[in-house]
Amino acid sequence: MGKVTYVDVNMRVGIHSRRVHCGVLGLRKWQFDVWSNDVNLANTMEAGGIPGRVHLTEDTLAHLHGDYQVEDGHGSERSAYLRDHNIKTYLIIMPEWRGDKTKQRSPILTPGNKGTSKSIVNGELPKEMRRMGAYDERNDKMRNKLGMDQNIVKNPDEEVNEYLSRAIDARSVDNLRSEHVKRFFLTFRKKELEKKYSQVYDSNFKSHMVCALVILMLITTAQIIVIPRTPVMTVFDPVSFLLLAVLLFVVAAEGMKFVPSGLRDISAKIAVNRTLSQIIMVTTVLIIYFAAYSNMFGLNTSDLKGCLANFLNVSREEFNRTWLLVNNGSENDSHVNDQLSRCQPDGVTFPEYFTFCVLLAMISSAVFLQASSLLKFCLLIAMTTLYIILIETAYVNLFDNRDLWLFINQGLKQSDPISSVPSKYLMIVVLIVFLVALCIHAQIVESTARLDFLWKVQATEEKEEMESLRAYNGKLLENILPQHVVQHFLKSQQKKDEDLYYQGCENVCVMFASISNFSDFYIELEGNNEGVECLRLLNEIIADFDEILAEKKYSCIEKIKTIGSTYMAASGLTHATSFSDMSHVAAMADYAFAMREALAVVNEHSFNNFKIRIGMNIGPVVAGVIGARKPQYDIWSNAVNVASRMDSTGLPNHIQVTQEMNSVLSKKGYKLECRGKISVKGKGEMVTYFLTEPPS
């Protein structure tokens, strides 16, 4: 890094190897950490080390098995702790290839400077240069080939649709159907799914009723044109139309504001209740069905064949098409047409139109797409069976008379195109074909509807699961980073690991609060689980501090981190929490008093005498996130350093603040006591104050 940036940067590294306790403390801003006396020793090794060198204890050296050359570290000369505990230390001797500073430094490669360099090995840039943003043409070409061009941004909706299409293609429809839906009845195997399906709002039910009414109007129009008018037609057609219109009005009343609220409630219940909607469907289809052939009841059903046989003095069995063909042109032929008019003075009726109307009535059941296929199957079979029984028994003469009439008038020549199949049998074939087709259609429609519902349920569950997971991840992130920082990273596109988040903030109040005598309390014994019980109590204390922050009046305060037994927080880090009247500073002062009260409660219940030492300062800071892996939010500035010194130079159970804090808090009614000048490391002498009481 130093070679790339031309900055002489050195690190002091201290290493010690022993036992530690690891975990997280508190309820907010979780941060994985380690604690033990050995951790304190490692910290001392770093503080007592030499810049640019790795400082080791004897325990760590024993684990290296001679892989590194070392020399005496003389740590006792730089650290009183190492000297008092008689700890021998070592420094690793840097290998020659690392310590050689005579190697030529090469400039950073940029997109505008793609020349060769001695720092490029085998056509690749060093990792340090890539991290600093150096341009690697070879990798850039490879990214373009792989479609990883950073300028190409996929729409999130397109990515979701693409993922869903792949997921749908990957699922076998047959497997999904067999897993969740019964084969013949097409009901869901799980009762809760069937209950949900029966309560799905049918938004098209009104349209289905309108289509059914149109079918009834077409049937009525056809019969008025083709079928002779009868009293049954005069009465039943208007009644059936009125009944269907009333049902349509009830179904559509949900969206009508001028109808009574009770009727609207009934209409709304029909739309979400599968049983009620199916009752309405069956009633509608039956009205259309009976209207399709009810006029048949008023027609003349006398036996035309018997009447003609009597006139021609021929037995009924002997009188048939063959007899008529043999006697065609004889003297009896001239009287047949006259007698035909006498036997059936109203003329021929065309009963096949009743069958066509019945077929339309059967088709009307297919209009209701959400109806049960099993219900449609039973209804269609009942309709077909009843109509076949009627035309083959009580009203069979209508079809026989029609066939005989057409044969006498059109088919007396062998060349005439007249069917030799009786219409009463032909109608049965047509009805059965339609019955089979409509049953298959009903099965396909319901199967598709149920699979569609199943996919929607699964998609909804997956969406809810994703939303729940996203909310959980969001809460988890907010427990690691501040909410405004989380939103920044979630909303930002094309973020690299090396990209930084930083923000300059003015008038930020920084607080450090340390439990000054916790190090005396912490001891590693077998009786306290090697110090775990001490850490458990520390966790309770920090959790109490975090719970106080959950109060609304402290919403402007952001917990930064905990460092051992030191609690760090700041207020006014965003525009929304930094107030011109400095109320965020007052909130921090109140929070400091609340922390003291919370610790007093802990002391009372744990029979301890913990003391808290608090230091506060105000000033500009730079806030940001460091690290690509395990990112950590922190603040830096001279004001932060001074706040830390206010803590370290303070007194137990006192709140020490700077002159800047005094000028702000004194105006708000807080009582402060001047401590005088104290020596502050790196700052010389500073006048500080003790914050003693909140405003009365």
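This is a predicted model: local features need pLDDT of at least 70, side-chain atom pairs count only at pLDDT 80 or more; totals for chains, interfaces and linings use all residues.
Let me start with the overall make-up. The chain contains 27 helices and 14 strands. If we take the contacts in the chain with a separation of 6 or more, 70% of them are between residues 24 or more positions apart.

Now to the places where helices cross. Helix 12, residues 231-252, and helix 13, residues 261-272, have axes 7 Å apart and pack at an angle of about 90 degrees, which means that helix 12 is roughly perpendicular to helix 13. On the side of helix 12 the residues that meet its partner are F249, V250, V251 and A252, and on the side of helix 13 they are L263, I266, S267 and I270.

Please keep Y197 in mind, because R274 lies over the face of the Y197 ring, at 4.6 Å from the ring centre.

That brings us to the aromatic rings. In general, a pair of aromatic rings is described by the distance of the centres and the angle of the planes. The count for this structure comes to 17 aromatic pairs. In one of them, Y293 and F297, the ring centres are 5.9 Å apart and the planes stand at 85 degrees, so this pair is edge-to-face. What are the relative accessible areas of its two members, Y293 and F297? Y293 has 2% and is buried, whereas F297 has 41% and is partly exposed. Both residues also belong to a cluster, in which ring pairs link Y289, F290, Y293, F297, Y387 and Y395.

Another edge-to-face pair is formed by F545 and Y567, at 5.7 Å centre to centre and with 85 degrees between the planes. F545 lies in helix 24, residues 532-549, and Y567 lies in strand 9, residues 566-571, so the pair ties together parts that are 22 residues apart in sequence. Here both F545 and Y567 are buried.

Let me turn to F518, a residue of helix 23, which covers residues 518-521. F518 counts as buried because its relative accessibility is 7%, under the 20% that marks the limit. Which residues is F518 in contact with, leaving aside its neighbours within four places in sequence? They are C534, L538, S565 and F610. There is also G564, which is 46 residues away from F518 in sequence, with 9.5 Å between the two C-alpha atoms in space.

One of those contacts of F518 was a cysteine, C534, which is itself buried at 4% relative accessibility. A disulfide, in general, is a covalent bond between the sulfur atoms of two cysteines. How many disulfides does the structure hold? The number is zero. Take C439 as an example: the closest cysteine sulfur to its own is in C378, at 9.0 Å, too far for a bond, when the two sulfur atoms would have to be within 2.5 Å. C439 counts as buried too, with 13% relative accessibility.

I will finish with the backbone. In general, most residues other than glycine have a negative phi. K29 has a phi near 45 degrees, a positive value in a residue other than glycine, and K29 is found in the loop between strand 2, residues 21-23, and strand 3, residues 33-35. N86 also has a positive phi, near 55 degrees, and is likewise a residue other than glycine; N86 lies in the loop between helix 4, residues 80-84, and strand 6, residues 89-92.

Is each of these two residues buried or exposed, K29 and N86? K29 counts as buried, at 8% relative accessibility, whereas N86, at 70%, counts as exposed.

Conventions
Residues are numbered from 1 along each chain as its sequence is written. Side-chain values use heavy atoms; hydrogens and water are left out. Rings of Phe, Tyr and Trp (its six-membered ring) pair if their centres lie within 6.5 Å; planes under 30 degrees apart count as stacked, over 60 as edge-to-face and the rest as tilted. Buried means under 20% relative accessible area, exposed over 50%, partly exposed in between (1.4 Å probe, protein chains only). Helices (H or I, at least four residues) and strands (E, at least two) are DSSP runs, numbered from the N terminus. A charge sits over a ring if NZ of Lys or CZ of Arg is within 6 Å of the ring centre and within 35 degrees of the ring normal. Axes are lines fitted to C-alpha atoms, for helices over the stretch in contact, and angles run from 0 to 180 degrees between N-to-C directions. Angles under 35 degrees count as roughly parallel, over 145 as roughly antiparallel, 65 to 115 as roughly perpendicular and the rest as oblique. Contact means heavy atoms within 4.5 Å.
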